[in-house]
Each structure stands twice: as structure tokens, then as C-alpha cells.
Amino acid sequence: MTGLRATAPLILAFASLLPLLLAARPAAAQAPGAEELMRRAHLVQFYAGDDLRAKVSMRLISRDGQERIRELTMLRKDLAEGGEQRYFIAFHKPADVRDMTFMVWKYPRRDDDRWLFIPALKLVKRIAASDKRSSFVGSDFSYEDISGREVEEDTHTVLREERLDGRETVVVKSVPRDEKGADFGYKLSWIDRTSFVVWKEEYYDKRDDLSREFTADEVKAVQGFPTAVKRTMRNVQTGHRTEVAFEEVKYNLGLAQDLFSERYLRNPPRDVVR
């Protein structure tokens, strides 16, 4: 009994401190919220490495199975992690888009600048901010899909945890803050709990009907960065889909910033975009 009486004050003291100790647990032990999940997924999807070069093939497939092929080289350079970026795309095939180029200057929290060079007209065309949701060269991807939509443009909510093809994912619902600033009513994203890879996205129109579906069909580690080397965007309502394959992916090449300029739209350096 004497031993119990001696240790009782210590037990009471520990019990009184327990709530404080639990409250002081590191933030890293807590599951990230919806916006933080989307932010990490955005970095994985669009900001891997300091820059990127890849050969890209796009198969545009109609409901009845007819195909069109696009082959291009994509360059990307980050000026700030999670912030300003540059994109440059040079088309190689087919003949009707050969030597066409596309460039994006992406800014945080304001409209991006986009340019398209049309060689047949020898014309550099500015793409208006209102056109960012238009189809990218006839594919099921929009101009906005290529460089990504800003996380802050939407309100995000965690709906549930879900097992998708054997992977543990978190499903996040994203609703545009400005209805006129998006062509969808809301979006669902399936985000890997560990790698933050976006394995699937569903876009619902403003009538609450599923309109488009994105899937990451194959993800590989390239120089340590998880990279969706095969991905598909399906237009559920028309039956059309676009399958994309990334090849010869390389990060951290030290690409020069002046490559991403209007003068190179007309005459891109062949050693870089070959």
C-alpha cells in the first residue's frame, strides 16, 4: 500500500499532462487536408524536377475506332517550385501540324500566357484566357490540362478513402470558386496516399453528369520521380478518347530559360526539340 501511495501522485501528474502531450504531436503525423493533398498531387504531376524534356505521342480515337496520331516534343522549366513555369511543345507529326509550336508562361494566381505558332500562316497567335478550356489540337485534353489548373481556383473536400486497383487512395472533390472560370461543375480526384500520384479524375458538368475521365494507366519512377508515362482522357459523352505515351523522359537537364521565348516559336532549336 505504501508503494501505491508513493506512485499515485506521479500517475495523476502524467494523466494531467497527457492531453498536452497528444496535442503536441508533430503535424506530419496528421493526415493532410484536402487542399494540401491537392497541392502535393499538383507538385508531383506538374513540377517533378527543375525541368523536363519528353517525346510524346497522342492517339486520338473516335467512338467507332478511327485513329489520328500526334507526335511532339514537350519541354518544361520551373522558375519557382509550385509557381511560375514555362512550357514549350513542338509538333512533328502528322503533316498538317508539323512544325507547329505551342508555348505557355504559367503564373500563380493569374491567367497564363499562351501562344500557338501556325506555320502554314506564318502566324503566332495568342490564346485568350477564355480559350484555355478549348480542345488541345483536337484531343480530349484542354489547353488548361496540359500545364495544370491552379489548386487555389477550387474549393477542395475529402470525401472518402478508397482502394483503387489495389492502391490506397483518397478521393477529393474540387468545386470551382468561379463557376464561369471552369467548364466543369466539379471534379473528383483519386490521389495515392503515399506517392500523391493522381490515378484517376472524373469531371462532372454543370448538370451533374459525368463528362470526362482521366486515368494514369502506367506510372514509372524516372530519376526518382513518379511519372505517368501512359495516360488517357476519355470524353464519356461522345465516346472519343485520347491516349498519351511519354517516352525518353528526362529531368534536370538545365534547360535555358530563353528557349521559352516567342522567337523560338517560329524556329525552335532542333538539337533540343528533335
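Residues are numbered from 1 along each chain as its sequence is written. In this predicted model, local features need pLDDT of at least 70 and side-chain atom pairs count only at pLDDT 80 or more, while totals for chains, interfaces and linings use all residues.

**Overall make-up**

The protein has five helices and 13 strands. Both are DSSP runs, numbered from the N terminus: helices are H or I with at least four residues, strands are E with at least two. Of the 274 residues, 45% are buried. Buried means under 20% relative accessible area, exposed over 50%, and partly exposed in between (1.4 Å probe, protein chains only).

Contact means heavy atoms within 4.5 Å. Take the contacts between residues at least 6 apart in sequence: 47% of them join residues at least 24 apart.

**Confidence**

pLDDT is the predictor's confidence in each residue, from 0 to 100. The average here is 89, and 89% of the residues score at least 70. Over residues 8–15 the value is below 50, and this stretch has one contact beyond near neighbours in sequence. Residues 20–28 also stay under 50. For them the model has two contacts beyond four places in sequence.

**Pockets**

A pocket is an open set of points on a 1 Å grid over the protein atoms alone, where a 1.4 Å probe fits, with protein on both sides within 12 Å along at least five of seven lines; lining residues have an atom within 4 Å of a point. Volume is the space filled by probe spheres set on the points.

The largest pocket has a volume of about 250 Å³. It is lined by 16 residues, and R133, D183, S211, R212 and N235 are the closest to its centre. By class, this lining has three nonpolar, eight polar and five charged residues.

The second largest pocket holds about 150 Å³. Its lining is A31, P32, L37, V158, E161, V170 and R193. Five of these are nonpolar, none polar and two charged.

**Backbone details**

The peptide bond from K93 to P94 is cis, with omega near 0°. P94 sits in the loop between β3 (85–93) and β4 (101–106).

Two residues have a positive phi although neither is a glycine.

Note on methods
Side-chain values use heavy atoms; hydrogens and water are left out. Ala, Val, Leu, Ile, Met, Phe, Trp, Tyr, Cys and Pro count as nonpolar, Asp, Glu, Lys and Arg as charged, and the others, Gly among them, as polar.
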